[in-house]
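Keep the viewer open beside you and try each task before reading on.

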Amino acid sequence: TLLSRIKGNHLGGNIQSSTFRKTLAASLFEPLGLVLAGPSKLESTSNEAISVWMRAHLSLATVACPDRPTLSELEDAVLLELDPPLNLMGMPRTPVRMELKARRARLGQAP
């Protein structure tokens, strides 16, 4: 389910298994003093720091949706209305998104 994916990949995973987590790590790399262990891999203490930050600063709500086509239409409508800056794929190229893409690319380089 979406909830198990959020708990497993995004809240408890790593930047290799979660694009959302990778975007947060790219955004918070300097403020949290994160350290890369390899390309697209954080040291364990840095990975835990992202988890701690997420638990302290984010909240989550889920709503059941009867079918995938409805869910897809709803997602498109929400993205169009809110234009969330951390959503990169399929969204307009803005200065914030371009900076996030550049920061994410730096995470993919060897330390």
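**Exercise 1. A charged patch**

In which helix is the place of glutamate 73?

*Solution.* Before the steps, a word on the source: this is a predicted model, in which local features need pLDDT of at least 70 and side-chain atom pairs count only at pLDDT 80 or more, while totals for chains, interfaces and linings use all residues. Residues are numbered from 1 along each chain as its sequence is written, and side-chain values use heavy atoms, with hydrogens and water left out.

Step 1. Glutamate 73 sits in helix α4. Helices here are DSSP runs of H or I with at least four residues, strands are runs of E with at least two, and both are numbered from the N terminus.

Step 2. Glutamate 73 counts as exposed because its relative accessibility is 57%. The classes are buried (under 20% relative accessible area), exposed (over 50%) and partly exposed (in between), with a 1.4 Å probe and protein chains only.

Step 3. Together with Asp67, Glu75 and Asp76, Glu73 forms a negative surface patch. Patches are made of residues with over 30% relative accessible area and no salt bridge; like charges are joined within 9 Å, and nonpolar side chains (Val, Leu, Ile, Met, Phe, Trp, Tyr) within 5 Å. Lys and Arg count as positive and Asp and Glu as negative, with His and the chain ends not counted. The place of a charge is NZ of Lys, CZ of Arg, CG of Asp or CD of Glu.

**Exercise 2. A nonpolar patch**

Find which residues make the nonpolar surface patch of about 380 Å².

*Solution.* Step 1. The patch is made by Leu71, Leu74, Val78 and Leu82. Accessible areas come from the Shrake-Rupley method with a 1.4 Å probe, and for residues only the protein chains shown count as cover.

Step 1. Take valine 78 from this group: it lies in helix α4, which covers residues 68-82. With 38% relative accessibility, valine 78 is classed as partly exposed.

**Exercise 3. The whole chain**

Describe the overall layout: how many helices and strands are there in the protein chain?

*Solution.* Step 1. Count five helices and two strands. Along the sequence they follow the pattern α-α-β-β-α-α-α.

Step 1. For the extent, the C-alpha atoms fill a box of roughly 45 × 30 × 20 Å along the principal axes.

Step 2. Of the 111 residues, 26% count as buried. The chain exposes about 7,600 Å², and carbon and sulfur atoms supply 59% of that area.

**Exercise 4. A residue under cover**

Is threonine 23 buried or exposed?

*Solution.* Step 1. Locate threonine 23 in helix α2, residues 19-28.

Step 1. Its relative accessible area is 3%, so threonine 23 is buried.

Step 2. Leaving out residues up to four places away in sequence, threonine 23 touches Leu86, Leu88, Leu100 and Arg104. A contact means heavy atoms within 4.5 Å.

**Exercise 5. Salt bridges**

How many salt bridges does the structure hold, and which residue pairs with arginine 103?

*Solution.* Step 1. The structure holds five salt bridges. The term means a side-chain nitrogen of Lys or Arg within 4 Å of a carboxyl oxygen of Asp or Glu.

Step 1. Arginine 103 pairs with glutamate 30, their closest N and O atoms being 3.5 Å apart. Arginine 103 is in helix α5 (residues 95-107) and glutamate 30 is in the loop between α2 and β1 (36-38), so this pair ties together parts 73 residues apart in sequence.

Step 2. Check the accessibility of both partners: arginine 103 is partly exposed at 25%, whereas glutamate 30 is exposed at 55%.

Step 3. Now turn to arginine 97 and aspartate 83, whose side chains meet in a salt bridge of 2.7 Å, N to O. This pair links distant parts of the chain, with arginine 97 in helix α5 and aspartate 83 in the loop between α4 and α5, 14 residues apart. Arginine 97 is buried at 3% relative accessibility, while aspartate 83 is partly exposed at 34%.

Step 4. Finally, salt bridges that share partners join Glu30, Glu99, Arg103 and Arg106 into one network.
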